[in-house]
Structure formats: C-alpha cells, structure tokens
Amino acid sequence: MSIRRRLLVGSIIILVFVVLVGAVGLNSLSNVNHEVESLSKYHLPSIQITDNLKSHIANFRVAELQYIYSPDAP
C-alpha cells in the first residue's frame with residue numbers, strides 16, 4: 001500500500017471519528033437543553049414561590065419583633 005493511500009485512509013478514519021464525536025456531542029447537548037427546559041418550566045416556579053414565602057416570613061418576624069419591643073405592647 002502506498003503512502004498516499006495510507007494517508008487518505010487515515011484522514012478518512014479521522015474524519016469519521018470527528019463526525020461521530022460531533023454527532024454524540026450534539027445529541028448530548030440536546031438532552032441537556034431538554035433537562036434545562038424541564039427545570040425552568042416545572043421546578044423554577046416552585047422555587048420562586050418558596051423564596052417569596054421566605055421573604056414574607058422574614059418580614060413578618062421583623063414586624064413581630066418590632067411589636068414586641070414597642071413601648072405600646074401589652
């Protein structure tokens with residue numbers, strides 16, 4: 001087998017591996033995108049609601065302490 005033929009076969013093999021790696025990468029990226037969309041659609045709203053609830057509880061506790069320490073408290 002000539003050197004030219006060996007180089008051509010080697011280049012084709014490398015090209016096939018590059019295309020294969022690219023296809024696997026695109027497939028994996030598509031899976032990650034699907035998971036991110038699922039998280040943003042289903043889980044993020046509940047996290048935001050929980051964060052708002054924590055904020056309201058903190059504000060209530062501050063108001064409660066202000067009431068307790070106010071001179072007009074019974």
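## Secondary structure and overall form

The protein chain contains one helix and zero strands; helices (H or I, at least four residues) and strands (E, at least two) are DSSP runs, numbered from the N terminus. Its radius of gyration, taken over C-alpha atoms, is 31 Å, well over the 11 Å that the globule rule gives for 74 residues, so the chain is more spread out than a compact globule. That rule is 2.2 Å times the number of residues to the power 0.38. Along the principal axes, the C-alpha atoms fill a box of roughly 100 × 20 × 5 Å.

This is a predicted model, in which local features need pLDDT of at least 70 and side-chain atom pairs count only at pLDDT 80 or more, while totals for chains, interfaces and linings use all residues. Residues are numbered from 1 along each chain as its sequence is written, and side-chain values use heavy atoms, with hydrogens and water left out.

## Surface and burial

Buried residues (under 20% relative accessible area, 1.4 Å probe, protein chains only) account for 0% of the 74 residues. The accessible surface, from the Shrake-Rupley method with a 1.4 Å probe, comes to about 7200 Å², and 67% of that belongs to carbon and sulfur atoms.

## The start of the chain

Met 1 lies in the segment before α1 (3–69). This residue is exposed (over 50%), with a relative accessible area of 69%.
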